[in-house]
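Here is a short briefing to read alongside your structure.

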Amino acid sequence: MSQYADIMPDSGAKFIDFRSDTVTRPSNEMKQAILDCDLGDDVYGEDTTVNALEEKISCMLNKEAALFLPSGTMSNLVSMLSHCKRGEEVLVGDQYHIFDAEARGASVLGGVALHPVKTDKFGAVKSEDILAAVKPDDSHYPITKLVCLENTVSGCVQNQTDMDEIAITVKNMGLNVHLDGARLFNAAIAQNAKVGDLAKNFDTVSICFSKGIGAPAGSVMAGPKDLVDYARRQRKLLGGGMRQAGVLAACCHYGLEHNVPLLKHDHKKARYLAEALSVIADLSIDLDLVQTNMLFINPGEDAASLSAFLYEHKILIGSADTVRMVIHLDISESDIEKTIDAFREFYRN
Ligand SMILES: *Cc1c(COP(=O)(O)O)cnc(C)c1O
């Protein structure tokens, strides 16, 4: 149940909700795409809308095959379980979602060890730290098998040259590389690049449709055909085999076509909001971290009262010491202006 259930009986419909880009509701046009799509049983491989999505994403990412899954978490989990056997190990950034926010599923369910590697304030890992964590062939250690990188990390676009260098180096050592690209389209739009180029040196890549792309659910992982075939078995084993999953895939198709080009507006709004808030003396914000659709503010001593004040103005943010604000399809320009006014009013007090 939502932590806001007691105070949000209308489930937030009229709130300006900055908590995450997952809170978007499917638009009427997206819902219409569900009515118009062809469906079949996807566990039998017969949902043509899902098949077309898998085909489209494998082409975009220049991979042999792709697999549709209900969530990004399952996408990453299935990827790790397909790369690694029990007793093998994944190296992953300590701030990354795979290490920090997926309940260590690969370890809990797959007997796969996760080794955290230090990330800097932009979410980057250093090549030398990755290499130092690769274990020698010694029975005291797990067998290092996979390196997982992420892009974007907390809204920060990762340096592509560094990412490619890490990927190529570890592949030359016989390891595999996976990219958690939950927000890879944000990374691509921000640097005017193609997702296929960002994903080029990675064996497998996962992307999410329920973030800025605005679908209610859905993720795709892409990679070599034999690995994706095995991943399909893992998906079934985990209970992720869905039947007429085209109802979700139709939303993903819609989002790819219509909402991906709109991500640039989220980025502009985030920048605009961040710059306006940076003028407020009692609030601090690191503008260097505002690279896509997220900003992080340190509200000062008054985090809880700020959050309560904004709530009265029908604006939802978290109330931690550092508050993440995420821009998405359901936040308009006038919502941003209202929010700036509310912040100014609060800090004037
Ligand atoms: C959201 C997200 C995921 C997947 O989360 P789900 O809620 O399971 O879709 C994975 N990685 C990153 C970086 C994310 O932001």
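A residue counts as buried when its relative accessible area is under 20%. By that cut-off C252 is buried, because its relative accessibility is 0%. Please keep in mind that this is a predicted model.

**Cysteines**

- A search through the whole structure turns up zero disulfides.
- A disulfide is a covalent bond that joins the sulfur atoms of two cysteines.
- To be counted here, the two sulfur atoms must lie within 2.5 Å.
- For C252, the closest cysteine sulfur belongs to C251 and is 6.6 Å away, so the two are too far apart for a bond.

**Helix 3 and helix 10**

- Helix 3 covers residues 72–83 and helix 10 covers residues 225–237; their axes lie 9 Å apart, and the helices pack at an angle of about 120°.
- That angle makes helix 3 oblique to helix 10.
- The crossing of helix 3 past helix 10 is right-handed.
- On the helix 3 side, the contact is made by M74, V78, L81, S82 and H83.
- On the helix 10 side, L227, Y230, A231, Q234 and R235 take part.
- Sorted by class, the contact between these helices has six nonpolar residues, three polar ones and one charged one.

Note on methods: Residues are numbered from 1 along each chain as its sequence is written. This is a predicted model: local features need pLDDT of at least 70, side-chain atom pairs count only at pLDDT 80 or more; totals for chains, interfaces and linings use all residues. Side-chain values use heavy atoms; hydrogens and water are left out. Buried means under 20% relative accessible area, exposed over 50%, partly exposed in between (1.4 Å probe, protein chains only). Axes are lines fitted to C-alpha atoms, for helices over the stretch in contact, and angles run from 0 to 180 degrees between N-to-C directions. Helices (H or I, at least four residues) and strands (E, at least two) are DSSP runs, numbered from the N terminus. Angles under 35 degrees count as roughly parallel, over 145 as roughly antiparallel, 65 to 115 as roughly perpendicular and the rest as oblique. A crossing is left-handed if the near helix is turned anticlockwise from the far one by less than a right angle, and right-handed if clockwise. Contact means heavy atoms within 4.5 Å. Ala, Val, Leu, Ile, Met, Phe, Trp, Tyr, Cys and Pro count as nonpolar, Asp, Glu, Lys and Arg as charged, and the others, Gly among them, as polar.
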